[in-house]
Amino acid sequence: MEERILIVDDDITFALMLRTWLSKRGFGVETASSVAAARKALGGGVFSLVLSDMRLPDEDGIALLQWMAGAGITAPVIVMTSYAEIQNAVRCMKLGARDYVAKPVNPDELLKKIREALDAPAAQAPAAKPAPRSVKGSSAIGMLNYIEGRSDAARQLYEHIRLVAPTNMSVLVNGESGTGKEHVAQLVHRESKRAGKPFVAVDCGAIPRELAASEFFGHVKGSFTGALSDKTGAFEAADGGTLFLDEVGNLSYETQVQLLRALQERRIRPVGSTREIPVDIRLVAATNEDLEAAIVRGTFRADLYHRINSFTLRMPCLRQMREDIPLYADFFLDQANRELDKRIVGFDPAAAAALAAYDWPGNLRQLRNAVLSATLLAAGEYITCRDLPGEITDGPAAEPAAAPLPLRDRASEEEQIRRALAAAGGNKSQAAKLLGIDRKTLYNKLHLYGIE
């Protein structure tokens, strides 16, 4: 059956060009130049996908989405918008849009997004999902729910989560501070066959060495000074579910030995007890350290490393997901509005550009805190540069955790350059900064690829 696409755009020349281009790729395509015309077309026929401009002569893309929801039309929608209006595109996604693409449109990127939207399961939620109910402890970045990024790095992460979660493999989540490692551990648990069982989180960096055995395995009353009653350890509390060890690299060598034995035997013995208790847990560990380097230094056991690392989830840092920054910023703005009882609409173009250009050494946690602070300070409807922390508007981060990869190491230079130009609103100096190269190198690349 032919897949039909409705293009909603009042730029007749652009719509005709897009229609011809998509038709050559096997799609049935119709066009509409207004929301009213789009309603008529959608009411009179079935479409596989809607590709809509944000700004239309009578109403906007948000109005079209609201009408489609009320009419029970479930065709996925991809919104086309300029970089300065990405905040509105994010609002559209909250109303059910599947994705957005920045103008000027990159044809290959658009085709990829169309294919992903058409191939996605019909029941798939657009982005936001509730957090797992069986959780002990709080999320690493304080999320009550979450939103998946749209960048290639974010898509790969969530695809790997969906692949490993249903298995019983132990998972090591590796990433910089503030990237949301505990949040990902919770997702692995929620998507697993153990979702209805406990999720128990242990901060390995906060456990005194002398109390580690008690924290992990429990103790019986009177087993040591201060043991005034029996205590259930983390292993037993997580029985049947998931045990999450945060910052596992901070464990003492002695505790590592005890932990390894428990994982091998799947049995634990509370401190002061003579009986062993069988446990059935799925282990997820997290660290911001290079554990392989720690093995070389002799501070982490190689056998424990291999026991906890059947599969590694590598957390992308925020500067590797720059195109997702507006999405995450708007998500945190919604949270801040609820927390502070405010009604901030979004970010003005200068503030949005400053957020996109900053290196974010503290990653998602730092972005959340910056948005919360700016929401508190904002006096108008929109957050401005005056409301943002000084380090964001005064220049690049003082201590970026790592420099961006040079373009020659990227799979697709041309696509990266076009995305950076779109994100920077055509400003070449800003685009060069986003790419982590100097302006002269960017000009050479623009000439090489014939990019205006």
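Two strands are taken to pair if DSSP finds at least two bridges between them. Strands (E, at least two residues) and helices (H or I, at least four) are DSSP runs, numbered from the N terminus. The model is a predicted one, in which local features need pLDDT of at least 70, side-chain atom pairs count only at pLDDT 80 or more, and totals for chains, interfaces and linings use all residues. Residues are numbered from 1 along each chain as its sequence is written, and side-chain values use heavy atoms, with hydrogens and water left out.

Five strands make up an open, parallel sheet, in the order S2-S1-S3-S4-S5. Strand S2 (28-32) and strand S5 (99-102) are its edges, and each pairs on one side only. From one strand to the next, the twist averages 20°. Angles run from 0 to 180 degrees between N-to-C directions, and axes are lines fitted to C-alpha atoms, for helices over the stretch in contact.

Strand S1 (residues 4-8) has a partner on each side. Five bridges link S1 and S2 in the parallel sense. Four of the five residues of S1 are buried, leaving the strand mostly covered. From S1 the chain crosses through helix H1 (residues 12-23) to S2, in a right-handed β-α-β crossover. Right-handed means that, with the strands pointing away from the viewer, the path from the first strand over the helix to the second runs clockwise. Buried stands for under 20% relative accessible area, exposed for over 50%, and partly exposed for values in between (1.4 Å probe, protein chains only).

Strand S4 (77-81) continues the sheet. Four bridges tie it to S3 in parallel. Serine 52 stands opposite valine 79 in S4. The chain goes from S3 through H3 to S4, and this β-α-β crossover is right-handed. Helix H3 (residues 61-71) lies across S1, strand S3 (49-53) and S4, and runs at about 150° to S3. S4 pairs with S5 as well, again in the parallel sense, over four bridges. The bridge partner of methionine 80 in S5 is valine 101.

Five of the five residues of S4 are buried, so the strand is largely enclosed by the rest of the structure. In a regular strand, side chains alternate between the two faces of the sheet. Val77, Val79 and Thr81 point one way from S4, while Ile78 and Met80 point the other way.

Helix H10 (residues 253-265) was examined next. At 1.5 Å a residue, its 13 residues should span 18 Å, and its end C-alpha atoms are 19 Å apart, which agrees. The expected span is 1.5 Å times one less than the number of residues. Thr255, Gln256, Leu259, Leu260, Ala262 and Leu263 of H10 are buried. Seen down the helix axis, the buried residues fall within an arc of 165°, so they line one face of H10. The arc is that of the directions from the helix axis to the C-beta atoms. Their cover includes helix H8 (212-217), helix H9 (234-237), strand S10 (242-246), strand S11 (267-268), strand S13 (282-287) and helix H12 (302-308).

Arginine 266 follows H10 and has a positive phi, near 55°. Its C-alpha atom is separated by 9.9 Å from that of glutamate 276, 10 residues apart along the chain. Glutamate 276 sits in the loop between S11 and strand S12 (277-278). It is partly exposed, at 27% relative accessibility. Leaving out residues up to four places away in sequence, glutamate 276 touches Arg261, Arg267, Ile268 and Arg269. Contact here means heavy atoms within 4.5 Å.

Two further residues have positive phi. Tryptophan 360, which is not a glycine, has a phi of about 50°. Its place is the loop between helix H14 (349-357) and H15. Tryptophan 360 is buried, with 0% relative accessibility. Asparagine 363, also other than glycine, has a phi near 60°. This residue lies in helix H15. Asparagine 363 is likewise buried, at 0% relative accessibility.

Serine 373 also belongs to helix H15 (residues 363-377). With a relative accessible area of 30%, serine 373 is partly exposed. The C-alpha atoms of serine 373 and proline 389 are separated by 7.8 Å, at 16 residues apart along the chain.
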